[in-house]
Amino acid sequence: MKKTIMVRILIIITAGMIWINWGLVWSGEHKLNSTAGNSGWQENKLIAHAFGGINGASYTNSYEAFITNYKRGYRLFEVDLVQTTDGELVARHDWSHKLQPDLTTHRGQNVSTLQFANSLIMGEFHPLTLPDILKLLQQYPDFDLIVDTKANSKEQIQQQFSHLVNEVQRTDPALLDRIIPEIFSPEMYDAIMGIFPFPNKMYSLYKTGASAESIVEFVRNKNFTAVAMPVYRVYLNPNLVPALNKFGVKSYVHTVNSKPVMQILSSFGVHGFYTDQEETPEELMLAGASPGHDFMEYLSSRLVNIRNVVMKVRNNGYK
């Protein structure tokens, strides 16, 4: 009994400290107007993360992951893109050795498109280059694609998106309406939209220590229709999601592979989730498990590391 009380006190104190750091959205100071538009892709509540889970593996960004999860019924996918030494964009989260062990000696900095394409992921899945992905968009015209580019500087962002836009326009300019870039900062927004005014875009919060107030202001001013955020943002900024909902902005949370947690976050107003779960969208969204006391255990376990995450983001000064 005493242990339970202490856990709850710890949760309240820790959450309070972080709320003060990151702030709340004060409705009295923000008269939110319904300025954001709606788009068909937002009817999807589940996003196949890195093309979705397959055979117990995640982050593969592979052809087989896409086909498997498309057949499961997913119509909104996320892909990670990095650049090879010859300037091509390929579907890869990072250059860690786990996915393609035979590329380890290249240390990621010296991988060509040919080397990447000839290396099976985990020995069984086929890797994808940007031209391969564009072919899938043409072959399967009823899905939309969220793009997470792994770039750390303005120059890299401009280089990668210039290449992306040029390649899409060469293949089929209409595909740009189905490509949704994840944007991590106001500076990245200016860089990308200066290259091409993407009609659909998503503001992603996992690299930013921006306050809830500034997030709402930026999203409202730039007419975003969706925001992506880590799980902890939902309850550390408890009225951020409701504030976004007031003017039609959907909130997607990543990465969630638990049905009870999906149910809990949905009750907070969250619209959808990035997931690796190898189930159909219908199976996941019909989850009927009652959160009960599991939520307290889940919340307390998350709070053990949240403070460190917050300080890391702040100290790194992500832009």
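Mentor: Happy to! A crossing of two helices is called left-handed if the near helix is turned anticlockwise from the far one by less than a right angle, and right-handed if the turn is clockwise. Keep in mind that this is a predicted model. By that convention, H4 and H5 make a right-handed crossing. On the H4 side, the contact is formed by Leu130, Pro131, Leu134 and Gln138, and H5 contributes His163, Leu164, Glu167, Val168 and Thr171. The axes of H4 (residues 130–139) and H5 lie 11 Å apart, at an angle of about 45 degrees, which makes H4 oblique to H5.

Now follow the chain out of H5 (154–171): Arg178 sits in the loop between that helix and strand E5 (179–183). Arg178 is buried but has no salt bridge, and Asp144, the nearest side chain of opposite charge, is 4.5 Å away. Beyond its neighbours within four places in sequence, Arg178 is in contact with Leu137, Tyr140, Pro141, Asp142, Phe143, Asp144 and Leu145.

H4 also brings us to helix H2, as H4 is among the elements covering the buried residues of H2, along with strand E1 (46–48), strand E2 (76–83) and helix H11 (281–285). Of the 10 residues of H2 (residues 63–72), 7 are buried, so this helix is largely enclosed by the rest of the structure. Those buried residues are Glu64, Ala65, Phe66, Ile67, Asn69, Tyr70 and Arg72.

Definitions and conventions: Residues numbered from 1 in each chain as written. Predicted model: local features only at pLDDT ≥ 70, side-chain atom pairs only at ≥ 80, totals over all residues. Heavy atoms only, no water. Helix = DSSP H or I, 4+ residues; strand = E, 2+ residues; numbered from the N terminus. Buried < 20%, exposed > 50% of the residue type's maximum accessible area, 1.4 Å probe, protein only. Lys, Arg positive; Asp, Glu negative; His and termini not counted. Salt bridge = Lys/Arg side-chain N within 4 Å of Asp/Glu carboxyl O. Contact = heavy atoms within 4.5 Å. Axes fitted to C-alpha atoms, helices over the stretch in contact; angles between N-to-C directions. Parallel < 35°, antiparallel > 145°, perpendicular 65-115°, else oblique.
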